[in-house]
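Here are my notes, as promised, in numbered points. Have the viewer open while you go through them.

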Amino acid sequence: MSRPELIKKEIFSIAEYVPGKSIEEIAAGYGLDPGKIIKLGSNENPLGPSPAAVEALCREASKVNLYPSADARELRIALSKYTGLPLSNLVASGPGMDGLLDGLCRLLIEKGDEVIIPTPTFAYYELPARACGGKAVFVPREADYSVVPEKILAAESKRTKLIFLCSPNNPSGNSLSEGKLRQILENTKALVFVDEAYVEFASRNFAALVLEYDNLIIGRTFSKAFGLAGLRLGYGLLPEWLLREYLRVATPFNVSLPAQKAGIAALSDQKHLIKSIELVQKGRVNLINALPFKVYPSEANFVLVDVAPLKSKTVVEALLKKGIIVRSCDSFRAAGDTLIRVTVGTAEQNEKLIEAFKAIKTEFLRS
Ligand SMILES: Cc1ncc(COP(=O)(O)O)c(C=O)c1O
């Protein structure tokens, strides 16, 4: 028996978050050897986690009968060194940056409040906001996926609490300019959340601006450059006044002991981080030059491919049959039906991907 009358009404209109496909799912669905599948659909690190982080995880495994440090102090000290921001502007979050987004929405959003989301972008922002009774106001990005501050600001109302800006943006890969961010920060009454999930691969970051503006929050993650997506570890850089309020609603102990220790180890493993970043920077140039369709410039660990006149679903399906998982963007709001997001893989994976794309183009566009 179900009791839907007990569920908040807002929940029924929320479209489910669509995650990238897993290796197990594809192996079972297409009768493929899981060991041969290339997963380039979820922007993970193809080099895996830092060996130092794995070592820390093993070391901490026997201690998980104890609760972790509630304020993740040791991790925050390491993050303070990494970001240059004081401890009073730093919060660790689990599960991942998604946990931070969730906590902020619980802190800020009441029924009827609004959040501004420039589309296409990361799909999750809308979900916690709407689950709290908020309304998402979507502002389409330009043809090159940049944002126009005037258009964002024009969408603001008395009820706007949050503006979400993703830099580099998922799925388009472009970064926001500092001038545009300042223009938005200086002309809004709302809080601005800048999602820097992919910032390690980019040419700029906005961490220092947190000390300058009392309405800027930055979200970061260990899921991408640090290769710890399965651990679900993120962090936020935010003004001190907001951190104090945030801690009232954050779930206690939301970063597990292994995650805290692995995070510290990953931050200390510069060698692995640099290797991961260099792999991406080289690989994305290769993909941009060699893929046989239009590819947008990218500052992230993925590239956006426009397969028009083909449909993204057709190409994604054909790639799956060849054992390559990529992400069709048709589930992203305002992304149309010809865009595919491809994670930059190892040199070998990228070569296989390029060959597969070429074969599919020849097969479907023979005429
Ligand atoms: C732009 C962006 N922000 C946030 C996240 C979620 O990060 P986490 O794994 O830390 O929850 C993702 C995950 O893919 C992302 O693409």
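1. Start with what helix H3 (residues 73–83) packs against: its buried residues sit against strand S2 (90–93), strand S8 (234–237) and helix H9 (257–268). Contact here is C-beta atoms, placed from the backbone, within 7 Å. Helices (H or I, at least four residues) and strands (E, at least two) are DSSP runs, numbered from the N terminus. A caveat on all this: the model is predicted, with local features needing pLDDT of at least 70 and side-chain atom pairs counting only at pLDDT 80 or more, while totals for chains, interfaces and linings use all residues. Residue numbers run from 1 along each chain as its sequence is written.

2. Which residues of H3 are buried? Leu75, Arg76, Leu79 and Thr83. Buried means 20 or more other C-beta atoms within 10 Å of the residue's own, exposed means 12 or fewer, and partly exposed is in between, with C-beta atoms placed from the backbone. The buried residues fall within an arc of 95° seen down the axis of H3, so they line one face of the helix. That arc is taken over the directions from the helix axis to the C-beta atoms. Arg73 and Lys81 are exposed on the other side of H3. After H3 comes Gly84, with a positive phi near 80°.

3. Now the domains. The assignment, which is automatic or from a database, gives domain 1 (4–48 + 271–364) and domain 2 (51–269). Their C-alpha centres are 23 Å apart, and 32 residues of domain 1 are in contact with 27 residues of domain 2. On the domain 1 side, helix H10 (270–290), strand S10 (302–306) and strand S13 (339–343) each give two or more residues; H10 gives the most, with seven.

4. The largest nonpolar core has 97 residues, and Ile163, Phe164, Leu165, Val192, Phe193, Ile340 and Val342 touch the most other members. Such a core is a set of buried Ala, Val, Leu, Ile, Met, Phe, Trp, Tyr and Cys residues joined through C-beta atoms within 7 Å. Both domain 1 and domain 2 give residues to this core, so it lies between them. Leaving out residues up to four places away in sequence, Phe164 touches Val115, Ile116, Ile117, Tyr125, Phe193 and Asp195.

5. Last, the ligand. There are 13 residues around the ligand, and Gly96, Met97, Asp98, Thr221 and Ser223 come nearest; the cut-off is a C-beta atom, placed from the backbone, within 6 Å. Helix H4 (residues 96–108) gives the largest share of this shell, three residues.

How values were computed. Two residues are in contact if their C-beta atoms, placed from the backbone, lie within 7 Å.
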